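This report concerns aromatic pairing and nonpolar packing in one structure. Please consult the sequence and the coordinates shown below.

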Amino acid sequence: QVQLVESGGGLVQPGGSLRISCAASGFTFSNYGMAWYRQAPGKEREFVARVSTGHVRIYADSVKGRFTIFRDNDKNTVYLQMSSVKPDDTAVYYCNAPHFNSWGEGTQVTVSS
């Protein structure tokens, strides 16, 4: 059974940095691409970033140059390093395993002074 567990969310000041994590289990992690999405209050869930098995990365224009997605196959974990955060980055961040259409329960990130 595919399971994704996010962690690391919290309150961060504008311009600050935060790293969130997603621990995966129930499948051979290194064989599949992974992604992050987010959902702000009153808005639809939107794509943030994706990393392939070969570590090729794709980003939404809104986070390009500020966020970095990376994976550690030894730990079955995918990360999202967020830098220069803005209040508009406030959202629940969800881990996604596209091949399985599987989602975690999300971790809240709030950007506020």
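## Aromatic pairs

In this predicted model, phenylalanine 70 is partly exposed, with a relative accessible area of 23%. Tyrosine 79, by contrast, counts as buried at 13% relative accessibility, because the limit for burial is under 20%. The rings of phenylalanine 70 and tyrosine 79 form a stacked pair, with 4.9 Å centre to centre and 20° between the planes.

The count of aromatic pairs comes to seven. One of them joins tyrosine 37 and phenylalanine 47 edge-to-face, at 5.6 Å centre to centre and 75° between the planes. Tyrosine 37 belongs to strand β4 and phenylalanine 47 to strand β5, so this pair ties together parts that are ten residues apart in sequence. Tyrosine 37 is partly exposed, with a relative accessible area of 22%, and phenylalanine 47 is partly exposed at 27%. Ring pairs also link Phe27, Phe29, Tyr32 and Phe100 into a cluster.

## Arginines over rings

Arginine 71 lies over the face of phenylalanine 29, at 4.5 Å from the ring centre. Arginine 45 is placed over the face of tryptophan 103, at 4.6 Å from the ring centre.

In soluble globular proteins, nonpolar side chains tend to be buried together. Here the largest nonpolar core has 29 residues, and Met34, Trp36, Val78, Leu80, Met82 and Tyr93 have the most contacts inside it. Elements that give two or more residues to this core include β3 (18-25), β4 (34-39), β8 (77-82) and β9 (91-97).

Beyond four places in sequence, valine 78 touches residues including Ile20, Cys22, Phe29, Met34, Trp36, Phe70, Arg71 and Cys95.

Notes:
Residues numbered from 1 in each chain as written. Predicted model: local features only at pLDDT ≥ 70, side-chain atom pairs only at ≥ 80, totals over all residues. Heavy atoms only, no water. Core = buried A, V, L, I, M, F, W, Y, C linked by side-chain atoms within 4.5 Å. Buried < 20%, exposed > 50% of the residue type's maximum accessible area, 1.4 Å probe, protein only. Helix = DSSP H or I, 4+ residues; strand = E, 2+ residues; numbered from the N terminus. Contact = heavy atoms within 4.5 Å. Phe/Tyr/Trp six-rings, centres within 6.5 Å; stacked < 30°, edge-to-face > 60°. Lys NZ or Arg CZ within 6 Å of the ring centre and 35° of its normal.
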